[in-house]
Amino acid sequence: MSFIELKKINKKYENAERNSVTDFTLNIEEKEFIAFVGPSGCGKSTTLRMIAGFEEITGGDLYIDGKRVNETAPKDRGIAMVFQNYALYPHMTVEKNIGYGLKNMKVPAEEIKKKVDWAVDILGLEEYRYRKPKNLSGGQRQRVALGRAIVKNQKVFLMDEPLSNLDAKLRVSMRNEISKLHRQLGTTTIYVTHDQVEAMTMADRIVIMKDGVMQQVGKPMDLYEHPINKFVAGFIGSPQMNFYNVTVKGEEMTFEDGKKITLPDVVAERLADHQGALIMGIRGEDIKVDEQNRELYKANVQQAVVENTEVMGNENNLYFTYGGSLTVARVSKYELSQMGDKLEFVFSPTKMHFFDKETEENILEK
């Protein structure tokens, strides 16, 4: 049995027309770091709150460490939670905020001091120990909130968008802090975020949700390279995958503006039973502008006019219209084009994804 098991978990609020979460089934192993990710309203925070016991489970079964906990009080589930809102006590110092929960649990004062000293040390808060929250930065406050959670020595950490109030630089720093903390403590962690970059960089596995339904679960690069449907393909990755309406007939693929590409045999064979109108997707880094790739796939060299460029430092994003769709090519920092430049490029043929027009399922991942 897995450490945490969610079996066909459902949540429907009173007077709601549909479920907020539907048939959510997932096994989580001990010490695993799982991220729930998806757009606002997809049900990720609701699922987390059902695990925590803050929301009643409408249907299904939840097990933690082999015990069914549907009706178990939050305090008895062996969890610690970190919220988007730090919820620190403004009149208390850092050390008192960290130790307050232990004091409420009637833990002896000597043990509280040991645990607080350990948390202050591991989170690099020693010089802020006697400061109050108003005298701390956002990142420091979030570390205090983490300290309050880890001293409870619980079996499960639940984190609900803990970094969303921080600026971009602090978010990167705190991502590293949380990842390092997870490795040190080995505590099973479930992390909710709308930021797919956070999920990709931190999690062992990612659960992608849409409209209360799990779309796909897997390791970050598995989701990136083998998305099960168009939603997952578009949600994971920055910039977003490019999508085109195409018609496939044998080895010929025609875009909606009439442009054509010859598919290699290996791709055409896999599409043999899926002729006609499809959606083709390809990531920006798989649109090649370098001379070597243009020579390799010279029969399929395409042309477009650059409409905008984004200089990212280590790479550049080139925007242009092709095949009836706005397209972005992700190229090296040495391949800089200016607005109005004529661009020659090729699609890496084995990196194309094909989605059913009706179901939007990835045909090549079935």
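The structure holds 20 salt bridges, each a side-chain nitrogen of Lys or Arg within 4 Å of a carboxyl oxygen of Asp or Glu. This is a predicted model: local features need pLDDT of at least 70, side-chain atom pairs count only at pLDDT 80 or more, and totals for chains, interfaces and linings use all residues. Residues are numbered from 1 along each chain as its sequence is written, and side-chain values use heavy atoms, with hydrogens and water left out.

**Salt bridges**

- Glu5 pairs with Lys7, with the closest N and O atoms 3.5 Å apart.
- Glu5 is buried at 7% relative accessible area, while Lys7 is partly exposed at 36%. Buried means under 20% relative accessible area, exposed over 50%, and partly exposed in between (1.4 Å probe, protein chains only).
- Lys11 and Glu55 form a salt bridge at 3.6 Å, N to O. This pair links distant parts of the chain, 44 residues apart: Lys11 is in strand β1 (residues 4-11), Glu55 in the loop between α1 (44-52) and β4 (59-64). Helices (H or I, at least four residues) and strands (E, at least two) are DSSP runs, numbered from the N terminus.
- Both Lys11 and Glu55 are buried.
- Glu95, Lys113, Asp117, Glu126 and Arg129 are linked in a network of salt bridges.

**Around helix α6**

- Asp195 and Arg171 meet in a salt bridge (3.2 Å, N to O). Asp195 lies in the loop between β8 (188-193) and α6, and Arg171 in helix α5 (residues 168-185), so the pair ties together parts 24 residues apart in sequence.
- Asp195 is buried at 18%, as is Arg171 at 13%.
- Glu198 lies in helix α6 (residues 196-202). Glu198 counts as buried because its relative accessibility is 2%.
- The Glu198 side chain makes a polar contact with that of Tyr191 at 2.8 Å. A polar contact is a pair of N or O atoms within 3.5 Å; within protein, one must be able to donate a hydrogen and the other to accept it, and residues adjacent in sequence count only if both atoms are side-chain atoms.

**Domains**

- The protein chain is divided into domain 1 (4-235) and domain 2 (242-365), with bounds from an automatic or database domain assignment.
- About 940 Å² is buried between domain 1 and domain 2, 52% of it from carbon and sulfur atoms. Buried area is the accessible area (1.4 Å probe) that two parts lose on being put together, summed over both.
- Tyr224, Lys230 and Ala233 supply 57% of the area that domain 1 buries against domain 2.
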